[in-house]
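Here is a short briefing on an annotated site and a domain interface. The structure comes first, then the points by topic.

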Amino acid sequence: MNYETLRDGVDSVLADARACGVGFVLAVATTLPGYRSMRERIGERRDVAFSCGVHPLNLDGGYDYEALRSLAAQPGVVALGETGLDYYYQQDNIALQQDSFRQHIRIGRALGKPVIVHTRDARDDTLAILREEGAEACGGVLHCFTEDRATAAALLDLGFYISFSGIVTFRTADALREVARYVPLDRLLVETDSPYLAPVPHRGKENQPAYVRDVAEYLAVLKGVEPRQLAAQTSANFSRLFGVTLPEAD
């Protein structure tokens with residue numbers, strides 16, 4: 001809800017989500033100014049929680065770690081992130097990416113809040129830093145998962161959750177679907193990664209929270225369970241990881 005047209009219609013975005021059975025939204029920050037503007041735009045709502053963090057592609061020479069800690073400690077913030085490593089798009093600041101990632105984990109541990117992790121072409125360093133920083137103490141999720149089964153297993157060993165986006169519905173995502181079948185239901189999350197990666201049958205459209213239902217229904221078929229069961233389990237997983245009480249489903 002901090003990008004393009006979505007940011008101009010918070011009420012309508014949330015109403016569309018509710019109409020599709022999505023009763024709670026996590027608004028994820030990728031910069032500190034973006035976090036501040038997102039909170040101002042969305043306001044305080046019982047069906048929205050926030051994360052606070054700086055994406056590895058938004059470091060721009062660095063930022064104030066104390067400001068991150070202060071903002072992340074605010075009420076309504078349930079996670080640190082989006083953080084992590086991205087060597088696919090940017091390799092000229094790897095040391096800065098790694099330091100930022102470590103700082104997010106340390107703040108998450110200090111505040112007792114999980115981390116939302118992004119990784120691309122950096123799986124070995126991502127796993128190494130999670131282990132070195134004791135990330136199992138705060139927990140977290142590898143969001144928009146596109147890695148292999150071995151990476152999933154390593155994350156599960158750390159107590160992390162694994163979240164699948166609309167990518168799992170794409171025609172070319174056979175390998176990812178195999179990983180989705182492998183991840184146990186009690187460690188599975190679903191997401192949109194809005195405004196990107198709209199799932200089938202919405203490819204080419206701006207993604208939005210309502211479309212998480214399509215991802216969930218697709219995963220239910222992959223896992224061989226009823227959509228209602230998968231929805232209940234992923235909701236329970238979300239509540240447990242982020243420490244939030246979800247509204248009763250309609």
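Where does Asp193 lie? Asp193 sits in the loop between strand 7 (188-190) and helix 8 (212-223). Helices (H or I, at least four residues) and strands (E, at least two) are DSSP runs, numbered from the N terminus.

This is a predicted model, in which local features need pLDDT of at least 70, side-chain atom pairs count only at pLDDT 80 or more, and totals for chains, interfaces and linings use all residues. Residues are numbered from 1 along each chain as its sequence is written, and side-chain values use heavy atoms, with hydrogens and water left out.

**Annotated site**

- The unreviewed UniProt entry places the feature "binding site" at Glu82 and Asp193.
- These two positions are spread over 112 residues of sequence, yet they cluster in space, with a largest C-alpha distance of 11.0 Å.
- UniProt positions follow the numbering used here, feature names are shortened, and annotations may be inferred rather than shown by experiment.

**Surroundings of the two residues**

- Glu82 is placed in strand 3 (residues 77-86).
- Glu82 counts as buried because its relative accessibility is 7%; buried means under 20% relative accessible area, exposed over 50%, partly exposed in between (1.4 Å probe, protein chains only).
- Leaving aside residues up to four places away in sequence, Glu82 touches several residues, including Val28, Thr30, Ser51, His55, Ile116, His118 and His143. Contact means heavy atoms within 4.5 Å.
- The side chains of Glu82 and His118 are joined by a polar contact of 3.3 Å.
- A polar contact is a pair of N or O atoms within 3.5 Å; within protein, one must be able to donate a hydrogen and the other to accept it, and residues adjacent in sequence count only if both atoms are side-chain atoms.
- With the residues up to four places away again left out, Asp193 touches His143 and Cys144.

**Domains and their interface**

- The chain is assigned domain 1 (1-121) and domain 2 (139-242); the bounds come from an automatic or database domain assignment.
- The contact takes 22 residues from domain 1 and 20 residues from domain 2.
- Taken over C-alpha atoms, the domain centres are 19 Å apart.
- Between them the domains bury about 1,700 Å², 68% of it on carbon and sulfur atoms. Buried area is the accessible area (1.4 Å probe) that two parts lose on being put together, summed over both.
- Across this interface the rule finds 6 residue pairs in polar contact (both at pLDDT 80 or more).
- On the side of domain 1 that touches domain 2, strand 4 (115-120) is among the elements that each supply at least two residues. Strand 4 gives the largest share of that side, 5 residues.
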